[in-house]
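Hi,

Here is the structure I said I would pass on. Have a look at it first, and then read my notes below.

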Amino acid sequence: MAMKEFTKEDVAKHTKQDDLWIIVDSKVFDLSKFAQMHPGGLSVLLDEEIEAFFSLHRYEVLQRPQYTRLQIGTVKGEKQQIFPRGIGALSNVPYAEPTWLTPGYHTPYYKDNHRAFQKVIRNFVDEILYPDAQALQEKGKKPGSKVLEGFARLNVHAIRLGPGEHLKGRSIMGGSVKPEEVDYFHELIMSQEMSRIHARGYHDGAAGGNMIGLPAIKNFARPEIRDRVLTEVLDGKKMVALAITEAFAGSDVAGTKTFAKKSADGKYWSVTGTKKWITNGTFADYFVTGCRTEKGMVVLLIERGEGVETKHINTSYGPASGTAFVTFDNIKVPVEYTLGPDNGGGLVVILSNFNHERWAMCCSSLGAQRLIVEECLKWTMQRKVFGKPLNSQAVIRARLAAMISRVESAQAWLENITYQMNNMDYKQQSNLLAG
Ligand SMILES: Cc1cc2nc3c(=O)[nH]c(=O)nc-3n(C[C@H](O)[C@H](O)[C@H](O)COP(=O)(O)OP(=O)(O)OC[C@H]3O[C@@H](n4cnc5c(N)ncnc54)[C@H](O)[C@@H]3O)c2cc1C
């Protein structure tokens with residue numbers, strides 16, 4: 001339905017506390033009932049300086065449902081000046097997108113299927129992931145059903161494992177790329193797009209444990225266990241957590257105290273111990289667990305069951321990550337569930353598993369940093385201080401330039417490393433890229 005049109009003179013007749021209209025970017029809002037509830041107080045609303053709005057608010061404020069319903073019309077003859085980025089669209093803000101997505105620039109790394117892939121994941125993030133993240137970040141809940149269904153349909157969990165056999169027969173990101181064409185650049189794109197949700201705890205809560213735990217299963221599990229667990233997790237039916245850290249052992253992984261003792265008949269391990277800061281631990285079905293043995297370290301795939309208890313721990317990035325304190329109380333684990341060597345060589349499994357995790361963290365961290373660059377560029381242009389926009393101050397421009405140069409150089413290095421990963425096997429990656 002077309003909005004009612006008003007002249008500025010019409011609007012100027014409503015300037016009292018209980019009869020108050022204002023204009024923001026050609027839109028007319030009736031604040032008669034809202035004025036008393038305005039978080040910034042009533043007096044600013046009665047002030048005639050309408051330009052102040054953009055010095056005090058992000059544009060997105062106007063898009064919240066509680067404010068959109070206050071709009072009663074538009075100003076006759078005036079056009080909207082500010083258009084937020086549409087669903088799935090690229091940003092027009094300089095440096096808000098990596099070079100390969102910026103019109104006019106070239107790339108040696110990204111092909112048409114990377115571009116098609118990027119469009120699908122950005123749409124999904126804008127339409128489904130972002131609203132879910134904003135709604136659940138503070139509630140401490142795992143992603144909603146629409147997100148989990150989308151992860152399974154687009155095969156997000158499978159792409160998080162990079163290229164490989166596990167993609168065979170799956171529809172990758174809406175068919176934008178064939179399974180055999182997937183490379184680490186697709187995973188890089190997905191990580192960077194998914195980090196655009198302004199909700200770090202939720203981001204890890206969105207099955208981050210699969211990303212850091214599954215590679216150990218893919219690379220080191222017995223084939224029949226590997227295939228069953230991969231299918232369950234990639235189809236979105238089960239979740240994995242990586243359980244290495246303890247209160248006693250963080251950086252010093254070898255200091256692990258969780259103890260696994262092999263039974264006399266060699267058929268199972270008895271495991272007792274605790275793990276701390278385990279992402280997704282509160283809702284995980286499987287725990288890829290680092291344990292000490294009489295001979296050295298071993299990594300076990302432990303299924304949630306009797307003797308496995310998880311308690312939520314608060315973290316500074318929000319409760320939605322499902323971070324847990326995990327207790328194993330003399331549980332029995334069949335030896336078939338050993339990941340990699342069972343004679344004390346487990347440290348190699350743990351350390352090589354960290355490589356992909358670190359790279360993926362660089363991808364998402366850089367995506368989030370680029371978003372910060374975009375937000376800072378927008379805000380320093382919008383916010384007026386000493387009578388002019390913040391970005392007219394040399395010191396602010398120098399800071400922006402420093403941020404941009406760090407993000408761009410890190411992105412260039414990340415793309416270089418990703419290219420190396422595409423051309424090296426797992427062992428070469430561990431030898432040549434880990435450092
Ligand atoms: C958000 C988040 C999610 C996590 N998720 C998981 C998870 O899912 N699974 C899991 O197993 N763990 C997880 N962890 C735990 C993480 O792996 C540990 O925090 C990490 O290994 C560091 O251990 P620590 O915190 O005990 O720090 P410490 O080992 O106590 O180190 C403290 C500081 O000292 C520095 N330091 C330590 N040793 C040295 C040295 N030799 N030389 C110089 N500096 C040193 C460290 O860099 C660090 O800055 C998570 C942590 C965070 C913050």
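A word on classes before anything else: Ala, Val, Leu, Ile, Met, Phe, Trp, Tyr, Cys and Pro count as nonpolar, Asp, Glu, Lys and Arg as charged, and the others, Gly among them, as polar. Counted that way, the shell around the ligand has 7 nonpolar, 4 polar and no charged residues.

Do keep in mind that this is a predicted model, where local features need pLDDT of at least 70, side-chain atom pairs count only at pLDDT 80 or more, and totals for chains, interfaces and linings use all residues. Numbering starts from 1 along each chain as its sequence is written, and side-chain values use heavy atoms, with hydrogens and water left out.

Now the ligand. Residues with a heavy atom within 4 Å of it include Ile-212, Trp-277, Thr-279 and Tyr-317. For polar contacts (pairs of N or O atoms within 3.5 Å), a ligand nitrogen is 2.7 Å from a polar backbone atom of Leu-242, and a ligand oxygen is 2.9 Å from a polar backbone atom of Ile-244. Ser-251 uses a polar side-chain atom, 2.6 Å from an oxygen of the ligand. On its own the ligand has 960 Å² of accessible area (Shrake-Rupley, 1.4 Å probe), and the protein covers 37% of that. Strands E6 (240–243) and E8 (268–278) each give two or more residues to the shell; strands here are DSSP E runs of at least two residues, and helices are H or I runs of at least four.

As for the layout, an automatic or database assignment gives domain 1 (4–75), domain 2 (99–234), domain 3 (240–347) and domain 4 (354–432). The C-alpha centres of domains 1 and 3 are 56 Å apart.

On a 1 Å grid over the protein atoms alone, a cavity is a set of points where a 1.4 Å probe fits but cannot get out, a pocket is an open set with protein on both sides within 12 Å along at least five of seven lines, and lining residues have an atom within 4 Å of a point. The count is 1 cavity of 30 Å³ or more, and the largest cavity holds about 120 Å³. Its lining has 13 residues, and Pro-98, Arg-122, Gln-192, Glu-193 and Arg-196 are the closest to its centre. Domain 2 and domain 4 both give residues to that lining, so the cavity lies between them.

The largest pocket holds about 1,200 Å³. Of its 33 lining residues, Arg-58, Glu-60, Pro-84, Arg-85 and Lys-378 are the closest to its centre. Helix H12 (346–382) gives the most to this lining, with 8 residues.

Cheers

Note on methods. Points joined across faces, edges and corners; volume = space filled by probe spheres on them. Polar contact = N/O pair within 3.5 Å; in protein donor to acceptor, adjacent residues only side chain to side chain.
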